[in-house]
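Biologist: I'm new to this one. Can you put it up and take me through the contacts?

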Amino acid sequence: MKRTTISLIAVATALAAVTGFASLTAPDGEATTEAAAPARLPVERSSLLCPAPSSSDLAETRYTSFTPVMKDGAQEGAKDGTAADEAAGAGADTAELRPSAATLADPGAAPADKDAEAEKDDKDTADKDGEADKPFLALKEPGKPVSAEESGGQAPALVGTATGRLAPGWTAQQTTVVSAGSGRGLLGVSCTAPDTDFWFPGASLADKRQDYVHLTNPDDTTAVVDVELHGKDGALKSTVAEGIPVPGGAGLPVLLSTLTADPAEDVTVHVTTRTGRVGAVVRSAEEDSGSDWLAASADPAATAVLPGIPADATSVQLVAFAPGDDDAELQVRLAGATGTITPAGAETLYVKSGMTASLDLKDVTRGEAGSLVLSPAEGGRATPVVAALRVVRGEGDKKEVAFIPAAAPVGERATVADNRAKGSLLSLVAAGKAAEVKVTASAGTEGGTQVVKTYSVKAGTTLAVPAPVPAGLKGSYALTVETVSGGPVHASRSLEIAEDGIPMFTVQTLPDDRGMVAVPAAEQDLSVLDD
């Protein structure tokens, strides 16, 4: 009889670092009874997906990749040669974005010119000979962003993975300028992590809109996706009998109007997967108001914060959806620079279960930047909702649209990349208690030294400030926001690039980057008896 002693700490730590969860069970099947406070360790692997940016030949797209520096030496702990590293397969520090295997044509679109498509495929194949193993954009070290640019309407979706020291908090931003045409506008989106469930209130099937949901599959096997549409009267009848297949490594744009014959002005899109996982984001284009990306709302919750409505917004529309069995009566408040008010004539919004509701807030900010705060109406039930804002700046033929989804809190830390020396505005919201935050402006993609500033945000207010700029900035840079003390903080970054008198802008929220994971303190020796 041979007695072997096995230490489980490395296995548990590796499981938690990769999946965020680990548990221990004794050999006889009984769970261990001792519990200890979990340690906080940096994740060792992150994935991001960027949608195909535009079909316009006039499109100019910049991609920016960045990983913040971890505090207290934690980043070194992500690659310290421990057994956890070995078990999780952590090797070299990498953060690379690569073109997807293909960006497929929308299955509901008009048939393409086959000869033209064949000619394009041959050219693409020739152009990519010898390039298959070369990343489109590769990050080298934490704290120093990198960028790359692409012109035209053939830029593919990108699939990326970060490991080692570059994984915790890795972010990538895709910013596209289209100067003319039906897709005119400044389109910005933070590349998304793959998931199985997304909500997009604020989409539309209106004649003047063309909204596509972009699905990107990071894995080798096909993902099967369901896309449900909900209008003001409930679920819209789908013309798709089965799930939508998204081949491994491919991107697929789907025109929402091809999924139903029912008309609907305001729509909530629900994307789920039957098998696999995808990245999902909606691209919206309007005939007279430009275009932008609509990112997913934060998970359904009884309260919601939609940060960063511009001071000069000429039109603001709230769209909300209640996915559960109960109706929601929401109190609508605007958190401005000095406090929280209730907009006159727009005090509440009633949202029926399974139906999309909207509220016209007009020019609600009236010269003072603010954020919308939704909560259960007095005496009402706390019912989970998802929400988003459609925001317009400018007037007449000089209008530009952007979207602000309900945001998750900054939490420990959040980052947004591709900030410019001019035109970047940071909005910080303390919807409950007052808070203090630290904001780090990284070095630039082509040079500069990081700058760190601390801001105090009063309870019930929005602090809108020009983003701090690195000293000696060359290129673009990243902003990292960390909660220092106080209550939860929600944040967004607005980027403006005016062109031909049009106030082109885009807004990205800053949710917690989940760069740290709780790892159970699982150091325990178990004995296994072998004959």
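Modeller: One term to begin with: buried means under 20% relative accessible area, exposed means over 50%, and partly exposed is what falls in between. Keep in mind that this is a predicted model.

Biologist: Okay. Aspartate 312, what does it count as?

Modeller: Aspartate 312 has 41% relative accessibility, so it counts as partly exposed.

Biologist: And which side chain does aspartate 312 meet in a salt bridge?

Modeller: That of arginine 393, with 2.9 Å from N to O.

Biologist: Arginine 393, buried or exposed?

Modeller: Buried, because its relative accessibility is 7%. Arginine 393 also lies over the face of phenylalanine 505, at 5.1 Å from the ring centre.

Biologist: Where else does an arginine sit over a ring, say that of tyrosine 212?

Modeller: The charged end of arginine 283 is over the tyrosine 212 ring, 5.4 Å from its centre.

Biologist: Back to salt bridges. How many are there?

Modeller: The count is 21. One of them joins arginine 62 and glutamate 149, whose closest N and O atoms are 3.4 Å apart. Arginine 62 belongs to strand β4 (residues 60-66) and glutamate 149 to strand β8 (residues 146-151), so this pair ties together parts 87 residues apart in sequence.

Biologist: What about the accessibility of glutamate 149?

Modeller: Glutamate 149 is at 54%, so it counts as exposed.

Biologist: Which residues are linked in a network with Arg62 and Glu149?

Modeller: Asp418 and Arg420; the four are linked by salt bridges.

Biologist: New topic. How many aromatic pairs?

Modeller: The count is three. In one of these pairs, tyrosine 63 with phenylalanine 136, the ring centres are 5.1 Å apart.

Biologist: Why is that pair edge-to-face?

Modeller: Because the planes of the two rings are at 80°, and planes over 60 degrees apart count as edge-to-face. Tyrosine 63 is in strand β4, and phenylalanine 136 is in the loop between α4 and β7, 73 residues away.

Biologist: How covered are those two?

Modeller: Tyrosine 63 is buried, as its relative accessible area is 1%. Phenylalanine 136, at 24% relative accessibility, is partly exposed.

Biologist: Last topic, strands. Is β32 mostly covered or mostly exposed, going by its residues?

Modeller: Mostly covered: strand β32 spans residues 435-441, and five of its seven residues are buried.

Biologist: What does β32 pair with?

Modeller: Strand β34, residues 451-457, pairs with β32 in the antiparallel sense over seven bridges. Strand β37, residues 477-486, also runs antiparallel to β32, and seven bridges join them.

Biologist: Which residues are partners there?

Modeller: On the β34 side, alanine 441 has valine 451 as its bridge partner. On the β37 side, alanine 435 stands opposite glycine 486.

Note on methods. Residues are numbered from 1 along each chain as its sequence is written. This is a predicted model: local features need pLDDT of at least 70, side-chain atom pairs count only at pLDDT 80 or more; totals for chains, interfaces and linings use all residues. Side-chain values use heavy atoms; hydrogens and water are left out. Buried means under 20% relative accessible area, exposed over 50%, partly exposed in between (1.4 Å probe, protein chains only). Helices (H or I, at least four residues) and strands (E, at least two) are DSSP runs, numbered from the N terminus. Two strands pair if DSSP finds at least two bridges between them. Rings of Phe, Tyr and Trp (its six-membered ring) pair if their centres lie within 6.5 Å; planes under 30 degrees apart count as stacked, over 60 as edge-to-face and the rest as tilted. A charge sits over a ring if NZ of Lys or CZ of Arg is within 6 Å of the ring centre and within 35 degrees of the ring normal.
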